[in-house]
Amino acid sequence: MEKTFNVISNSFKELPNNIEAEQSVLGSILLSNEIFDEVNTIISNKNFYDPMHQKIFAAIEKLIFKGMLANPITLKNYFENEKDELNIPEYLVKITKFSTSVRQSIEYSKIIYDMFVRRELIKISENIIDSAKENDLESNGQNIIENSEKLLYDLAEKGTFSSSL
């Protein structure tokens, strides 16, 4: 009987994410910048799945670190020239409707971070698979294990990894 491995299947599946949690956290920060300090200890802009959410969080961070207010009005000018099918200034107002309490924002931030870690684990796994399939004289199974351990360690310690496979 022939066995098929899930790793080999080519069926596309969206990477782990929670867009609603991202919208809620961003909307909450836009309504109450005080939440940012607590949320920022858990996540950064790179942890967001949606590239636009990454840009919005980075812009919020920039304004808050300058001691300025970050809300849909103050961010509007940063995104007026964004060429996207989405009207960003309008979207900023829309996501404030997803705002929640500080406690929920913190919990949603943890979800965003967990989804990020899962996406990074998938990337590491794909790197391991690609390396294991290569017939490279410079690399052997032990090297692949050592490099994989380093990537996993970096992810666990720093929340990110730099590929050296």
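Ground rules. The model is predicted, so local features need pLDDT of at least 70, side-chain atom pairs count only at pLDDT 80 or more, and totals for chains, interfaces and linings use all residues. Residues are numbered from 1 along each chain as its sequence is written, and side-chain values use heavy atoms, with hydrogens and water left out.

Overall layout. The protein has seven helices and zero strands. Helices are DSSP runs of H or I with at least four residues, strands are runs of E with at least two, and numbering starts at the N terminus. In order, the elements read α-α-α-α-α-α-α.

Now burial. Buried means under 20% relative accessible area, exposed means over 50%, and partly exposed is in between, with a 1.4 Å probe and protein chains only. Of the 165 residues, 33% count as buried. The protein exposes about 10,800 Å², and carbon and sulfur atoms supply 52% of that. Those areas come from the Shrake-Rupley method with a 1.4 Å probe; for residues, only the protein chains shown count as cover.

Contacts next. A contact is heavy atoms within 4.5 Å. Take the contacts with a separation of 6 or more: residues 24 or more positions apart account for 68% of them.

On to the cores. A nonpolar core is a set of buried Ala, Val, Leu, Ile, Met, Phe, Trp, Tyr and Cys residues, joined through side-chain atoms within 4.5 Å. In soluble globular proteins, nonpolar side chains tend to be buried together. Here, the largest core has 25 residues. Ile29, Ile56, Phe57, Ile60, Leu75, Phe79 and Leu92 have the most contacts inside it. H1, H2, H3, H4 and H5 each give two or more residues to this core. Which helix gives the most? H3 does, with seven residues.

Look at Ile60 from that core. Leave out residues up to four places away in sequence, and Ile60 touches Leu26, Ile29, Leu30, Phe36, Ala70 and Leu75. There is also a second, separate core of five residues. Val117, Ile124, Leu151 and Leu155 are among them.

Helix H4, residues 72-79, is next. Its buried residues are Pro72, Leu75 and Phe79. Down the helix axis they fall within an arc of 70°, so they line one face of H4. That arc is taken over the directions from the helix axis to the C-beta atoms. Ile73 and Asn77, on the other side of H4, are exposed. What do the buried residues of H4 pack against? Helix H1 (19-31), H3 and helix H5 (88-95).

At the start of H4, a side-chain oxygen of Asn71 comes to within 2.9 Å of the backbone nitrogen of Ile73. Asn33 sits in the loop between H1 and H2. At 14% relative accessibility, Asn33 counts as buried. Its side chain reaches the backbone nitrogen of Ala70 at 2.7 Å. Neighbours within four places aside, Asn33 is in contact with Ile64, Met68, Leu69 and Ala70.

Asn40 is partly exposed, at 24%. With neighbours within four places set aside, Asn40 is in contact with Phe57, Glu61 and Phe65.

Last, the rings. Rings of Phe, Tyr and Trp (its six-membered ring) pair if their centres lie within 6.5 Å; planes under 30 degrees apart count as stacked, over 60 as edge-to-face, and the rest as tilted. The count is four aromatic pairs. In Phe36 and Phe65, the centres are 5.9 Å apart and the planes are at 80°, so this pair is edge-to-face. Phe36 lies in H2 (residues 35-40) and Phe65 in H3 (residues 51-65), so the pair ties together parts 29 residues apart in sequence. Buried or exposed? Phe36 is buried at 0%, whereas Phe65 is exposed at 55%.

Tyr113 and Phe116 form a tilted pair, 6.1 Å centre to centre with 40° between the planes. Both lie in helix H6 (residues 102-133), three residues apart, about one turn of the helix. Tyr113 is partly exposed at 27%, and Phe116 is buried at 5%. Finally, ring pairs link Phe36, Phe48, Phe57 and Phe65 into a cluster.

How values were computed:
Polar contact = N/O pair within 3.5 Å; in protein donor to acceptor, adjacent residues only side chain to side chain.
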